[in-house]
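Please look over the following structure before reading the briefing below.

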Amino acid sequence: MTKIVVIGNGMVGYKFCEKLVSQNSNRDFEITVFGEEPWPAYDRVHLSAYFSGSTADDLIMAPRSWYAENKIDLHTNEMIVQIDRDQKKIISHTGHDYDYDKLILATGSGAFVPPIKGVDKKGVFVYRTLEDLDAIIDYAKNAKKAAVIGGGLLGLEAAKAVIDMGLEAHVIEFAPRLMPRQLDEAGSNTLQAKLEDLGISIHLQKNTQNITGNGRINGLKFADDSELPVDMLIISAGIKPRDELAKDCGLDTAPRGGIIVNEFLQTKDENIFAIGEAASYQNMIYGLVAPGYEMATQVVNQLANEEVKPFMGFDMSTKLKLIGVDVGSFGDPFGEVEPSKPIVYENKNSGIYKRINVSLDGKRLLGGILVGDASAYNMLWQMTQNKMPLPPEPEDLILGARGGKEAVGAGVESLPEEAQICSCENVTKGSICSLIKNDGVTKVDEIKSCTKAGTGCGGCMPMVNDLLKHQLKAMGKTVKNVICEHFDYSRQELLDLVKVKKIKTYNELLDQYGQGDGCETCKPAVASILASTWNELITHQDTIQDTNDRYLANIQKGGSYSVVPRIPGGEITPEKLIVIGEVAKKYGLYTKITGGQRIDMFGARVDQLPDIWEELINAGFESGHAYGKSLRTIKSCVGSTWCRYGVQDSVSFAIQVEERYRGLRSPHKLKGAVSGCIRECAEAQSKDFGIIATEKGWNLYICGNGGSKPQHAQLLINDVDTETCLKFIDRFLMFYIRTAEPLTRTATWLNKLEGGLEYVRDVVVNDSLGIGEELEKEMEFMINTYACEWKEVVNTPHLRAKFKHFVNVDEEDPSLKFQEMRGQKIPASWG
């Protein structure tokens, strides 16, 4: 029986045990594992979830019972302090010694703490373990402003924790840009703008010299003599390999830290291996989980006498969501390894930056950077890794096919069988396809269970899902479009279940037709389904809503909220204008007339919202639903009432339409317009539904939108009277609500709908499915059950009580800061 001892019970140490157990069916190994922390191995990749509700149990990778069931002797809260290579034994801080035949050093890394004066003061923390997080959460209860030293991956994760705790957040970075190892200057600027919009202050090129305060931190002083007052500091400036045990027992370590290993992960002692962040291969420390898992796999293969693939380094491409912002960096992101030509797309308005580096001969993709939209990451990374040929116009890879062309070579079907789909677990396309074809696997969860794909960082899941759908289609099988892993149903199926079974809550739906605890994908999607079906107040189920829906207002830069009352058709009386002016003046709000013909008021604190709404409601206003996936506005021109070209009363009809569909919840926001003549001053053909007056009545257009990908609406029916026009809008909207995927605009829905406009016309106008009357009745129900959400909050004490910044006190948010511009307040600049 070979005695294997593993020092370190982090993610990589656990993965080593898991793989060894799975390959060692004969049980000819005796495995002992030591961990310094009180918990079994837990998921450090998703550590920030601890601040938004996840518990230690949620993050545990396997319970203690798993170790016992697999005959692994797990020692937690026990630190190994010495390795005796001559006697082949280790000694713990308790004085006990343990023999080994093979020793695995998975000691990981600790937080790197720069030598800053005052770093030992109270209120200074590192961001590394669950114990660190508990200490941070406890201290934050009496803090208002926190800084994070480090603008890399770890630092920005820590900044998310600060935001989740409700504190004012500052990020301090020594380099001239955020994430300098992954992003170029333009990509970093885009990320910075996104983070600043979320209320995070970014301080670049700052060298922290001193942490000030009398025993307790009260600020930071920088080398340029500038200062930043804060009452809490989190240091997340990088990692330092835990190589002290190896060094003390005579093993070689690298100049910058780490236990030196060869391509078989062996140290200079053939009986001792090092894996994960503790190992240094060719002077490189790998701080991602995927290379650690690959190291664990290759050591297990050697011990189990399986085929061994030497570790020759690892691709450090990465994709993640930083505080809600997609970021991807793959291959050679800066185009430095070999000569290349960059292709760049930058949209500062929408906060999207994409760069790909193409070889000089135009045949290969070498690397790239994605910020704001990383949906193409997996495919681009595959093209880089597998040296796949580029399409004739490489810019299609980041811009999409244009001018009616179809995308070339951009799907999973074009990947070679050996393409690595999951880098964490080294799962190839061929192995996944084989499972589907030969073992009858039909679900993503089954693929995860059989291959472990997606159980690491999770970044490969979109491609795993695409591969499953493609393979099943290729086999002639029906492919189910499920909403997420917690519901084995599409949005349309869930909507039908909600309606037929009269389900009114998320928990009820999850208990009957779902599994697990749900996620940030299915919760808001189900919230939308429930609202679209029962039209009940969303504040009764506020915890499953997005932030804007939860507080019935749009959160803005700096953390304040905007208030947008409904102004149907853009028509407003002088009395109501005066009220808006008085309210804005009383609460010090910035006011702006929008392109949707209404007035936005910006800069309200969350605790002020019900008071502002109450004054507006008393003046006859109601919620404008600017925060919801619902009807926003019906824009209009002045029509025949004032305009000499107008042929119909567009204002009256716009008001009728807006009041008819106000509050209607849908998969995405809805905008409409009514133009009084073909001069189209209301821009009706750029809306989800647009109405244009003719001499004979109205022309109805559907499925247009503006934004980053504008699309003209298409003519559904022409020259209909008012009643008929409304009937077809009723049917169109309810059919869209029934059949669209979550967060899908009407234009995208139509583009993907088989049969396109002609099919919609058959259903809506010709009633080819025989559901026209049913759709009309559903709309009638929505109209009859409408209630203003603002008014309900104002008049319901327990709902009104939820609108406060701090749960336990009635203080206002002290972090909100403003400055003046053109006689009005705007969020204060940072830096």
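This is a predicted model: local features need pLDDT of at least 70, side-chain atom pairs count only at pLDDT 80 or more; totals for chains, interfaces and linings use all residues.

Residues are numbered from 1 along each chain as its sequence is written, and side-chain values use heavy atoms, with hydrogens and water left out.

**Cavity**
- The structure holds 1 cavity of 30 Å³ or more, where a cavity is a set of points on a 1 Å grid over the protein atoms alone at which a 1.4 Å probe fits but cannot get out.
- The largest cavity has a volume of about 50 Å³, a volume being the space filled by probe spheres set on points joined across faces, edges and corners.
- Its lining residues (an atom within 4 Å of a point) include Asn535, Arg660, Gly663 and Tyr786, and helix 25 gives the most, with 3 residues.

**Strands** (DSSP runs of E, at least two residues; helices are runs of H or I, at least four)
- Strand 32 (residues 599-604) has 5 of its 6 residues buried, that is, under 20% relative accessible area with a 1.4 Å probe and protein chains only.
- Strand 32 runs antiparallel to strand 30, with 3 bridges, and antiparallel to strand 31, with 4 bridges.
- Phenylalanine 602 is the bridge partner of serine 562 and also of tyrosine 590.

**Loop residue**
- Threonine 107 lies in the loop between strand 7 and strand 8, and its side chain reaches the backbone oxygen of arginine 242 at 2.7 Å.

Technical notes:
A polar contact is a pair of N or O atoms within 3.5 Å; within protein, one must be able to donate a hydrogen and the other to accept it, and residues adjacent in sequence count only if both atoms are side-chain atoms. On a 1 Å grid over the protein atoms alone, a cavity is a set of points where a 1.4 Å probe fits but cannot get out, and a pocket is an open set with protein on both sides within 12 Å along at least five of seven lines; lining residues have an atom within 4 Å of a point. Buried means under 20% relative accessible area, exposed over 50%, partly exposed in between (1.4 Å probe, protein chains only). Two strands pair if DSSP finds at least two bridges between them.
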